[in-house]
Number of protein chains: 2
Amino acid sequence: MKERELIRRIDAMAGLKNDPALLCAIGDDCAVVRKTDELVLLYTMDTLMELVHFDRQWHPPELLGQKAVSVNVSDIAAMGGFPRYLLFSLGLPPDFDDEWALSLSKGVARACDRYGCLLIGGDTVSSPAGITLTLTVIGEAETGQVLYRHGARSGDRIYVSGPLGLAAAGLALYRGEAGREEEFKRLYEAHLDPRARVRLGNILARSGLVNAMMDLSDGLATDLAHICERSGLGARINRAQLPHDVDLEKAAALLEQDSLDWMISGGEDYELLFTVPESATEKLQEVVAKSGYVLYSVGRMVGEKGMYLVAEEDGYKTVTAIDYRGFDHFS
Amino acid sequence: MKERELIRRIDAMAGLKNDPALLCAIGDDCAVVRKTDELVLLYTMDTLMELVHFDRQWHPPELLGQKAVSVNVSDIAAMGGFPRYLLFSLGLPPDFDDEWALSLSKGVARACDRYGCLLIGGDTVSSPAGITLTLTVIGEAETGQVLYRHGARSGDRIYVSGPLGLAAAGLALYRGEAGREEEFKRLYEAHLDPRARVRLGNILARSGLVNAMMDLSDGLATDLAHICERSGLGARINRAQLPHDVDLEKAAALLEQDSLDWMISGGEDYELLFTVPESATEKLQEVVAKSGYVLYSVGRMVGEKGMYLVAEEDGYKTVTAIDYRGFDHFS
């Protein structure tokens, strides 16, 4: 059984959620619960497992602590909210090193400072094999401004808030023991120490110009599939519009990998993915440029279901199906 | 480094918590955050690890799911609140069995129903070795009624809400492969399927008669040490007043163990532990009896620090020091 099927079945078991205060439960970046008439509470929880989500061999503990916070805070940013509080459960194997655990915790504390949230609780437990980190972040947003995965409309332009595939390339460089730390610093850092786009997420939410939003944690293909599914639409990605990144291309050449694959299927970008009606795109660019951000329009939502990559080479237009895992081949 | 030292150092790193909405952070059963003038939000997070907190060989998955919810809800009960929402992160090893994972989730869902809370989010991840369960429960309480670990006064009577050591005995029976399921059903069930004392916790909170409260998760010695520490006091436990349990004595005889050790140091009772001024004890018994509960007065808070067990045998009074881990010998 696949993860999404398990989640679907767990959700189905969880019973009727006829609670007027619960505005959104399973299925978005955060659960959304009414706090007051003006404010909602946002709840998200993510687990990082050693050897699945990180490798102690190359991940400095302080950066790992920061990353654990950032990936959770990114879910709050994806709804347009601000993080307020954090709960942190740390599983440590019998052989754990005190200094390592303290450095990790220092990273958690530093990231809390950075994002303006407070560590208010959690748990420490023995773990028979490998380190586990589970965080719950509690955020707040104004009720009328929360952005969901649903809400995209046919014709909307699809935007991403930064380059794609850098973290996937960084991970591939580590796994390939590629070295060249200085040359590929941006890619290594994208994997080790991603930053949540809290301020931008809030600017987008306040702008009133965005129809749907989420964060890019599992890769463009998977994440856009969520927006498509929740909005009952399809999407066309334009190959030529995907952000070009020189470092990414260099790493792809070195490792003999396809940079497009990293951009489409690579996870952990933690950029924002969102859709905007065509009529609002000019206003959006104004709002965002004023705050010093750069956006990339990478495609368009369409009424017909399915996701396709549209490319043009030597005057020939090719259209390739993408499923939520990415795609196997490029033509 | 011990767990409590690690937590202390993490808490110290977490920085100043100068947030007027944060009424209590690390150091109690839940973090307490102001929601409105009348209501507070309660947050708790607990992790259960395979082979540390449970054994898949004898723990039926549905009961394990229920237990994971109960031990978290117990922290809400310990503050006098009601559970409202639940986040659930499930780590599954590569060889996991679909039916097993679904039964576990069914247990989580059933316990949510029982406690009147809703499963609103979480995470599912691969776990390299062993199942991990982390839950966050979000509760609510009336601002003026929340009960903390601090607040006990010298002279207060110490109460527990039920028999002690049953879960520890049940675990010992499993480990000793003692069998006799029918005979020791209560003990096995105390380990497999504990229940959080939500209704009683709320009755106690509303009564206005209780000075300090927490739940018994790590055993009387450890948990009472928390109340002592947070209240700046010591405690005397009266051996003769500890609830006598026939099944517990039978199991102790069978396994050649000391039932007193289970009562003092055994964890996972999930009963409530609380202190009440002498002048309020009569009123308390009235309030509680009306609701059908039985309480056990087991000792007294004292100004002098340290915890002691006071026993009388053959006319001789013995006083034995207890530290937060329990004690090594009885005289």
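**Close-up views of a predicted two-chain model**

**View 1. Helix H7 of chain B lies across strands of a sheet.** In this predicted model, helix H7 (residues 220–231) of chain B lies across S8, strand S9 (234–238), S10, strand S12 (307–313) and S13 of chain B. The helix runs at about 150 degrees to S8(B). The open sheet of seven strands in chain B has the order S8-S10-S7-S11-S9-S12-S13, and its pairing is mixed. Strand S8 (212–215) and strand S13 (316–322) of chain B are the edge strands, each pairing on one side only. On average, and with direction ignored, neighbouring strands of this sheet are turned by 25 degrees against each other.

**View 2. Strands S7 and S10 of chain B form an antiparallel pair.** Strands of a sheet pair through backbone hydrogen bonds, in either a parallel or an antiparallel manner. Strand S7 (residues 157–160) of chain B is joined over four bridges to strand S10 (residues 272–276) of chain B. Within this pair, B:Arg157 has B:Val276 in S10(B) as its bridge partner.

**View 3. A six-stranded open sheet in chain B has mixed pairing.** The strands of this sheet follow the order S1-S2-S3-S6-S4-S5. Strand S1 (22–24) and strand S5 (118–126) of chain B each have a single partner strand, so one side of each is left without a neighbour in the sheet. Neighbouring strands are turned against each other by 20 degrees on average, direction ignored. S1(B) and strand S2 (residues 31–34) of chain B run antiparallel and are joined by two bridges; the bridge partner of B:Leu22 in S2(B) is B:Val33. Helix H2 (residues 61–77) of chain B packs on the sheet and touches strand S3 (39–49), strand S4 (82–92) and strand S6 (132–142) of chain B. The direction of helix H2 makes about 30 degrees with that of S6(B).

**View 4. Strand S12 of chain A pairs with S9(A) and with S13(A).** Strand S9 (residues 234–238) of chain A runs parallel to strand S12 (residues 307–313) of chain A, and four bridges join the two. Here A:Asn238 stands opposite A:Val310 in S12(A). S12(A) is also joined to strand S13 (residues 316–322) of chain A, by seven bridges and in the antiparallel sense. In that pair, A:Glu313 stands opposite A:Tyr316 in S13(A). The hairpin of S12(A) and S13(A) has two residues between the strands, and A:Asp314 takes a positive phi near 50 degrees.

**View 5. Helices H4 and H8 of chain A pack against each other.** Two packed helices are described by the angle between their axes and the distance between the axes. For helix H4 (residues 166–175) of chain A and helix H8 (residues 246–255) of chain A, the angle is about 35 degrees and the axes are 10 Å apart. The crossing of H4(A) and H8(A) is left-handed. From H4(A), A:Leu166, A:Ala169, A:Ala172 and A:Leu173 meet A:Leu248, A:Ala251 and A:Leu255 of H8(A). The contact of these two helices comprises seven nonpolar residues, with no polar and no charged residues.

**View 6. Two domains of chain A meet at a contact.** Chain A is divided into domain 1 (3–145) and domain 2 (157–322). The centres of these domains of chain A, taken over C-alpha atoms, are separated by 23 Å. Each domain contributes to their contact, with 20 residues from domain 1 of chain A and 20 residues from domain 2 of chain A. On the side of domain 1 that touches domain 2, the elements giving two or more residues are helix H2 (61–77) and S4 of chain A. H2(A) gives the most to this side, with nine residues. The residues of this side of domain 1 divide into 10 nonpolar, seven polar and three charged.

**View 7. Chains A and B meet through the same surface.** The contact takes 55 residues from chain A and 55 residues from chain B. On the side of chain A that touches chain B, several elements give two or more residues, including helix H1 (3–13), helix H3 (98–115) and strand S5 (118–126) of chain A. S5(A) provides the largest share of this side, nine residues. By class, the residues of this side of chain A divide into 28 nonpolar, 16 polar and 11 charged. Of the interface residues of chain A, 100% are also interface residues in chain B, so the copies meet through the same surface.

Note on methods. Residues are numbered from 1 along each chain as its sequence is written. Chains are lettered from A and ligands numbered from 1 in the order in which they are written. This is a predicted model: local features need pLDDT of at least 70, side-chain atom pairs count only at pLDDT 80 or more; totals for chains, interfaces and linings use all residues. Two residues are in contact if their C-beta atoms, placed from the backbone, lie within 7 Å. Ala, Val, Leu, Ile, Met, Phe, Trp, Tyr, Cys and Pro count as nonpolar, Asp, Glu, Lys and Arg as charged, and the others, Gly among them, as polar. Axes are lines fitted to C-alpha atoms, for helices over the stretch in contact, and angles run from 0 to 180 degrees between N-to-C directions. A crossing is left-handed if the near helix is turned anticlockwise from the far one by less than a right angle, and right-handed if clockwise. Domain bounds come from an automatic or database domain assignment. Two strands pair if DSSP finds at least two bridges between them.
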